[in-house]
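Please keep the sequence and the coordinates in view while reading the points below.

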Amino acid sequence: MQENFEVKGMAPCPSPISDECIIAHRVYGKCRQQDCLRPFDSTVLTPPPGAIEITSSRLGEAGSISGGVIVGGPIAPGEIITFNSSVASVRVVPGSFRVSDIRVTVNPSAFGQEGFYDVTIVYTFTYAINLLDASGLVIPVTLTVTGEPATVITSICAFTTYTKTLCLFGGEASEQTITTTNTLYSPQSTYVNVGNLPYALVQAIANPLQQPIIGIYESIPGTVEYHADVVIGLFTIIKLYRIVNMTVSSSGDCDIPECEPITGDPCEFFNSLPFPFEDFDPPTTL
């Protein structure tokens with residue numbers, strides 16, 4: 001098999017070991033979290049075991065929606081989508097769910113712990129929903145955007161947000177403001193780090209755990225409205241890091257072999273490759 005098709009590490013370097021100075025992103029504090037996010041009214045219901053309260057689905061359209069099943073409308077962007085009992089069920093449009101935005105704020109610890117920082121993370125999950133009647137048919141609503149004629153839509157853009165707060169070690173450092181310019185890309189960029197705060201890296205994987213549940217809420221005494229409640233499972237990793245100079249042991253530059261072009265009959269070469277059974281049937285043990 002050609003080396004082009006092999007996954008290889010660094011080539012052997014016969015040079016003697018030496019110390020090299022590199023610029024690295026050194027991680028100081030890190031954590032992972034597995035959160036079950038569920039809409040419910042904690043003032044009325046006992047929180048389900050392990051659940052974290054979030055709000056019902058909010059309108060993510062550029063305009064307002066209205067219609068026969070919509071109550072409290074027209075519903076403006078950012079408001080909770082409310083409807084009446086004519087809606088028998090709600091579903092998330094397949095393939096529409098994603099983590100669309102993550103905003104992070106880092107501040108020195110409120111308790112004055114040296115080297116620790118309070119991290120506030122706002123996750124935004126976006127998706128499209130269908131309102132269905134008792135027969136399973138989609139109920140249309142009217143979308144009105146300022147300056148444009150009203151249109152009828154069957155899929156409603158919606159979103160849910162979740163705010164997470166935690167404290168992580170970010171390295172003991174002075175509070176001097178540091179201005180950094182990086183000429184790696186053009187045009188060059190300049191960043192002012194007021195207070196010499198650590199940087200944050202947040203990674204997330206999220207999915208709805210089931211089709212939306214229709215939540216029953218009493219906005220005012222004697223008035224019942226229904227919401228689309230999406231239960232979300234969130235896996236996340238949060239890291240605080242700083243850009244540092246580090247000395248590492250090196251054996252010198254890596255040898256880079258020449259690429260070996262495919263010659264002759266490409267089908268003959270392809271047929272000589274082993275069948276990747278492991279990709280179709282992963283091993284049951286690690």
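Phe97, Tyr123, Phe125, Tyr127 and Tyr162 together make up one aromatic cluster. The model is a predicted one. The points below cover its aromatic pairs, nonpolar core, salt bridges, strand pairing and surface.

**Aromatic pairs**

- Across the whole structure, a search finds 8 aromatic pairs.
- One of these joins Tyr28 and Phe169 in a tilted arrangement, with 6.3 Å from centre to centre and 55 degrees between the planes.
- Because Tyr28 lies in strand S1 (residues 18-39) and Phe169 in strand S11 (residues 156-169), this pair ties together parts that are 141 residues apart in sequence.
- Tyr28 counts as partly exposed because its relative accessibility is 26%, and Phe169 also counts as partly exposed, at 28% relative accessibility.
- The ring centres of Tyr123 and Phe125 are 6.4 Å apart and their planes stand at 5 degrees, so this pair is stacked.
- Both Tyr123 and Phe125 are buried.

**Nonpolar core**

- The largest nonpolar core comprises 40 residues.
- Ile65, Phe125, Ile129, Leu131 and Ile156 are the residues with the most contacts inside this core.
- At least two core residues come from each of strand S6 (89-92), strand S8 (116-132), strand S9 (141-144), S11, strand S14 (199-208) and strand S17 (232-250).
- Strand S8 gives the most to the core, supplying 8 residues.

**Salt bridges**

- The structure contains 2 salt bridges.
- In one of them, Asp35 is joined to Lys164, and the closest N and O atoms are 2.9 Å apart.
- This pair links distant parts of the chain, with Asp35 in strand S1 and Lys164 in strand S11, 129 residues apart.
- Asp35 counts as buried because its relative accessibility is 5%, and Lys164 is buried with a relative accessible area of 8%.
- Asp101 forms a salt bridge with Arg103, in which the closest N and O atoms are 2.8 Å apart.
- Asp101 counts as partly exposed, at 26% relative accessibility, whereas Arg103 is exposed, with a relative accessible area of 56%.

**Strand pairing and a contact across the sequence**

- Strand S12 (residues 178-182) pairs with strand S13 (residues 189-193) in the antiparallel sense, over 5 bridges.
- A hairpin of 6 residues joins S12 to S13.
- Within this arrangement, Thr179 stands opposite Val192 in S13.
- Val224 is located in strand S16 (residues 223-229) and counts as partly exposed, at 47% relative accessibility.
- Val224 and Phe83 are 141 residues apart in sequence, and their C-alpha atoms are 9.6 Å apart in space.

**Surface patch**

- A nonpolar patch on the surface is formed by Phe275, Phe277 and Phe280, which together have about 420 Å² of accessible area.
- Phe277 belongs to helix H2 (residues 277-280).
- Phe277 counts as exposed because its relative accessibility is 59%, the cut-off for exposed being over 50%.

Conventions:
Residues are numbered from 1 along each chain as its sequence is written. This is a predicted model: local features need pLDDT of at least 70, side-chain atom pairs count only at pLDDT 80 or more; totals for chains, interfaces and linings use all residues. Side-chain values use heavy atoms; hydrogens and water are left out. Patches are made of residues with over 30% relative accessible area and no salt bridge: like charges are joined within 9 Å, nonpolar side chains (Val, Leu, Ile, Met, Phe, Trp, Tyr) within 5 Å. Accessible areas come from the Shrake-Rupley method with a 1.4 Å probe; for residues, only the protein chains shown count as cover. A salt bridge is a side-chain nitrogen of Lys or Arg within 4 Å of a carboxyl oxygen of Asp or Glu. Helices (H or I, at least four residues) and strands (E, at least two) are DSSP runs, numbered from the N terminus. Buried means under 20% relative accessible area, exposed over 50%, partly exposed in between (1.4 Å probe, protein chains only). Two strands pair if DSSP finds at least two bridges between them. Rings of Phe, Tyr and Trp (its six-membered ring) pair if their centres lie within 6.5 Å; planes under 30 degrees apart count as stacked, over 60 as edge-to-face and the rest as tilted. A nonpolar core is a set of buried Ala, Val, Leu, Ile, Met, Phe, Trp, Tyr and Cys residues joined through side-chain atoms within 4.5 Å.
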